[in-house]
Amino acid sequence: MSYNAKLFSGTGSRYLAEAIATKFGEPLGKVNIQRFSDGEIGVEFQESIRGQFVFLIQSTFSPTDNLMELLLMIDAAKRASAYKVIAVMPYYGYARQDRKDRPRVAIGSKLVANMLTAAGADRVVTMDLHAPQIQGYFDIPVDHLDSSAIFIPYIESLNLENLTFAAPDVGSANRIREVATYFEAEMVICDKHRKRANEIASMVVIGDVADRDIVLLDDICDTGGTLAKSAGLLKEKGARSVRAFCTHPVLSGNAYENIENSALEELVVCDTIPVKHIGGKIRVVSTAELFAIAIRNALENKSINSLFLRSRMANRKI
């Protein structure tokens with residue numbers, strides 16, 4: 001290629017970075033990430049990046065070493081005179097800590113945004129932030145990709161007769177409504193109340209699901225408790241089938257067991273976080289091509305609007 005661009009990967013997202021690099025058409029650059037005996041991380045680029053567009057691919061899922069690796073890579077790239085440093089974060093960790101909803105709590109997603117900017121990132125490319133307004137925490141450009149571009153073809157291939165979309169909570173209703181509008185389908189809401197994190201106190205279904213094929217859409221699947229409870233409740237209300245699509249498979253605690261023992265037909269997730277046990281009810285779809293296109297468009301100063309659902313809807317109306 002004639003463009004001065006190099007792609008590098010952190011340790012945690014190497015599997016995805018290799019796939020993105022293949023779709024992009026360039027091999028991953030060489031970077032040495034070492035760990036010292038006391039746990040400290042050291043980063044060294046093993047090729048010149050002076051005057052280059054440098055794309056650093058790393059999701060910041062647990063442990064926090066993944067975030068620290070990314071920050072050190074950004075700092076090393078800036079000190080090596082890279083022209084632009086772009087943090088490609090398929091999964092943006094700490095996104096659920098997006099507001100001060102109780103006294104004396106941290107706003108983790110804002111802190112991470114500050115650290116990325118302070119380290120020297122010129123742009124961030126990410127997917128399905130837990131709250132879209134997190135983009136406003138940055139004073140640098142943020143390309144916020146939408147997993148609908150990946151999930152919609154999969155849903156279309158299912159050819160479900162009585163398709164109805166379900167929002168797992170009131171907060172995600174607007175996002176789900178856009179997808180339901182695209183399919184000209186109905187939408188219901190599973191309204192949940194929590195006593196504490198990862199523990200649901202109660203849930204009710206708002207809308208009719210009798211004899212419907214339900215598709216649940218969410219951005220994060222953590223313990224799987226919400227999806228399992230939602231699927232069970234929807235089946236009790238008369239749903240014919242229940243499937244779930246989640247962008248980021250955190251899958252902590254008893255998540256795999258909860259999913260397998262649930263009423264779900266399947267759980268379809270993206271590869272923004274590595275899935276430890278593929279099979280059973282869990283299906284993984286790749287984000288590599290979507291990120292490769294976003295990286296190329298950022299490099300060539302082209303719009304990424306065509307990657308979003310609203311663009312598909314606009315084109316369909318023409």
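In this predicted model, Val 88 has Val 125 of strand S6 as its bridge partner; helices (H or I, at least four residues) and strands (E, at least two) are DSSP runs, numbered from the N terminus. Strand S5 (residues 84–89) and S6 run parallel and are joined by 4 bridges, and two strands count as paired if DSSP finds at least two bridges between them. Between S5 and S6 the chain passes through helix H3 (residues 108–119), a β-α-β crossover that is right-handed. Right-handed here describes a path from the first strand over the helix to the second that runs clockwise, with the strands pointing away from the viewer.

On to the next pairing: S6 and strand S7 (residues 142–145) are also parallel, with 4 bridges, and Val 124 has Val 142 of S7 as its bridge partner. Why is S6 described as largely enclosed by the rest of the structure? The reason is that 4 of the 5 residues of S6 (residues 123–127) are buried, where buried means under 20% relative accessible area, exposed over 50%, and partly exposed in between (1.4 Å probe, protein chains only).

Helix H4 (residues 148–158) has buried residues of its own, namely Ser 148, Ile 150, Phe 151, Ile 152 and Ile 155. Just after H4, Asn 159 adopts a positive phi of about 50°.

Searching the whole structure gives 1 cavity of 30 Å³ or more. A cavity is a set of points, on a 1 Å grid over the protein atoms alone, where a 1.4 Å probe fits but cannot get out; lining residues have an atom within 4 Å of a point. The largest cavity holds about 60 Å³ of space, a volume being the space filled by probe spheres set on the points, with grid points joined across faces, edges and corners. Its lining includes Ser 148, Phe 151, Arg 175, Leu 217 and Phe 245. H4 gives the largest share of this lining, 4 residues, while H4, helix H5 (173–183) and strand S11 (213–221) each supply at least two.

Residues are numbered from 1 along each chain as its sequence is written. As the model is predicted, local features need pLDDT of at least 70 and side-chain atom pairs count only at pLDDT 80 or more, whereas totals for chains, interfaces and linings use all residues; side-chain values use heavy atoms, with hydrogens and water left out.

Definitions and conventions: On a 1 Å grid over the protein atoms alone, a cavity is a set of points where a 1.4 Å probe fits but cannot get out, and a pocket is an open set with protein on both sides within 12 Å along at least five of seven lines; lining residues have an atom within 4 Å of a point.
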